[in-house]
Amino acid sequence: MGERRGGGGGCCPPMDLMRSEPMQLVQLIIPIESAHLTISYVGDLGLIQFKDLNAEKSPFQRTYATQIKRCGEMARKLRFFREQMVQAGISPAAKSVTQNGIKIDDLEVKLGELEVELTEINANNEKLQRTHNELIEYKLVLEKAGEFFYSAQKSATAQQREIASQNVGGDSIDTPLLMEHSISGDASKPVQLGFFTGLVSRETSMTFERILFRATRGNMFMRQVAVENPVIDPASGEKVEKNVFVVFYSGERAKSKILKICEAFGANRYPFSEDLIKQARMMTEVSGRLSELKTTIDAGLTHRGSLLHSIADQYEQWNILVKREKSIYHSLNMLSMDVTKKCLVAEGWSPVFAAKQIQDALERATFDSNSQVGAIFQVLHTRESPPTYFRTNKFTSAFQEIVDAYGIAKYQEANPTVFTVVTFPFLFAVMFGDWGHGICLLLATLVLIFRERKLANQKLGDILDMMFGGRYVILMMALFSIYTGLIYNEFFSVPFELFGRSAYACRDLSCRDASTAGLIKVGDAYPFGVDPVWHGSRSELPFLNSLKMKMSILLGVAQMNLGIILSYFNAIFFRSSINVWFQFIPQIIFLNSLFGYLSVLIIVKWCTGSQADLYHVMIYMFLSPTDDLGENQLFPGQKIAQLVLLFLALVSVPWMLLPKPFLLKMQHEQRHQGQLYMPLQGTEETLQVDSSHEPHGHEEFEFSEVFVHQLIHTIEFVLGAVSNTASYLRLWALSLAHSELSSVFFDKVLLLAWGYNNVIILIVGIIVFICATVGVLLVMETLSAFLHALRLHWVEFQNKFYEGDGYKFYPFSFMLLDEDE
């Protein structure tokens, strides 16, 4: 993998990630009898991205539509089994224990039989459960209505005895006038009262009673008794609070109305006898049936559980087999049928290094399928742009995802990931620098890394899943934060003399009150990072502001120069001399004539200790370039150097703008003068020429479009050089904000609580400090610094060289089936 790529010669470092893998368009001619096994072996290999050669056909018109439909039906049955297992609280076994060699046809029959059996068990269980619930309600009706009838009969007997005793005593002033009439009424017309018993939802019971009253015009009597515990409704299967009711009515019209109202309210009616002996017999009968049903239901559930356990043991194997088959037939549907109907023709992209492995897989498929004719493998020459494929590992994959989120790299252009692995966590750490906070991040990340095998197979939720995927990014961010925290000399905002004693000391006791006025230098400079004496002094903020602001400019100019240098590597690799002379050179001159010069002035000022005002130098370099610098002169000949740099910056703008469109037009005209038909080149050369930076190779050349595009690109770079440099000042701003927030939490929470000499206040202060540190500094500040570092890479760094208009290599691989799901 360390070989040089394409026509780049020795211009680029031989890294796996620096350039995407060389790709080739391959054609496979597969005999139809070995097609299924061949695609299966290719899927195990996972190194071919098939092209759809039947794009004009609908899914139903393709050769293997029936097989895909069968696989879809099997997948539906497996989803049904999964739902049943979830309901029963059964988890599929991680590995199948038996039947490792089951075929798809046998599996289809088996799944059908299991579905029929499970459906029948569910239907029978549902019927039995419904009957069981109805009998429970019936038993409640017998109990509650029986109590009502018993109490009613008891009170009626008592009233009759009282009336009889009053009649024996003769008439009195209290005897009712209609008593004789009522007792000796017309026996030929007895009052016929009917009644219904049942249960109704307690929520609708009052409405139910009111409707009954109005419908019968008051010719009814209703009695309700609440059931203590919720009961399972036979119709819905849900627990509902219900009341037992008894309704007395007179007449057939009232009866029909009550029946309709009961039906409308979902009130379940049950037969009931006034005879106590019959009630007792019915109660005994219902209790016996309930016990029998309970035994039957338990036996059915046991059988269902054993069936689901047997399915769970094989579920994962069956699921993988069905997914594989479905994906194989999807791929076969992308192949075109040969005119003889005996071969399938496949085309697809694969890495150059995979050619031998693919040929071996084809040979194995031919042998294992007992085919008389072997599959043919050949490389096709094309001018189509190949997909982009980087071979990553678990460490580099997260960094590659960060770059891919901006845009997939164009085929074999320089990959920013090589540098992002270092620059991204470093710029994050510049904004987050505190070695105490860095250690907290490191410990949290180490937990994810040491438990990665266990966590990789668990569902962690969206946020935790993102953290786990980027665990190595966070690890690098934590390590760099510790490094920059040691440079800033901040541990939760507290400085330490870790690398030696401070270079300064107090002249007398009067300099202790946060001032550097009385400090004198008593030793060598502090060996590493910021001298701890600066922290807490009155000049701390001006000193750190100046240091971090200048450092941000230096880092920004360095990274932007790196981006422009990478554009040079791209131009050399793709053999585009126009981009070297009329893009790289004027850009590097323009940027360094202004901001490269500013960086040199910063370093010279640091080295010499000069008091020159760099703002004044840069502003008057444009406004009054011929004026004397006076006290702002940092080195001899600075005025002439500034005039030369200003002239170069002004020249580089038309240098970027004008020549390139005219040269591209001239190249296009030369290419199309008698050269419409060109001989085929080698695969790599063809791909490289096609993917060069000349945008109008074999399309109609529009000079106006090219010129406007170049104008926009020039304006964007010139203005971007200023705005991008200013954008790097966010490193200074966020670093200062993080430091000040950390200092506020430490001084105003922890030290303040410590000063009260009260244990309770101290404990509360520690809890508040921990919550503020974790919530604000370790979560919000981490996210903020991450997003700002992301923006610096996407906008300020990558736009100098990265086109990002490619498309990703998605091979047909069984390893990716779960991700696709």
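This is a predicted model: local features need pLDDT of at least 70, side-chain atom pairs count only at pLDDT 80 or more; totals for chains, interfaces and linings use all residues.
Trainee: Which residues of helix α17 are buried?
Mentor: Helix α17 spans residues 614-623, and its buried residues are Leu614, Val617, Met618 and Met621. They cover an arc of only 90° around the axis, so they sit on the same side of α17. The buried residues asked for are Leu614, Val617, Met618 and Met621.

Trainee: What do the buried residues of α17 pack against?
Mentor: Contact here means heavy atoms within 4.5 Å. The partners of these buried residues are the helices α15 (540-573), α16 (577-608) and α18 (638-657).

Trainee: Which residue caps the N-terminal end of α17?
Mentor: The backbone nitrogen of Tyr615 has a side-chain oxygen 3.1 Å away.

Trainee: What is the phi of Asn370?
Mentor: Most residues other than glycine have a negative phi. Asn370 is found in the loop between α8 (355-368) and β11 (376-380). Its phi is positive although Asn370 is not glycine, with a value near 55°.

Trainee: Is Asn757 buried or exposed?
Mentor: Asn757 lies in the loop between α22 (730-754) and α23 (759-797), and its phi is near 55°. Its relative accessible area is 72%, so Asn757 counts as exposed.

Definitions and conventions
Residues are numbered from 1 along each chain as its sequence is written. Side-chain values use heavy atoms; hydrogens and water are left out. Buried means under 20% relative accessible area, exposed over 50%, partly exposed in between (1.4 Å probe, protein chains only). Helices (H or I, at least four residues) and strands (E, at least two) are DSSP runs, numbered from the N terminus. The arc is that of the directions from the helix axis to the C-beta atoms. A polar contact is a pair of N or O atoms within 3.5 Å; within protein, one must be able to donate a hydrogen and the other to accept it, and residues adjacent in sequence count only if both atoms are side-chain atoms.
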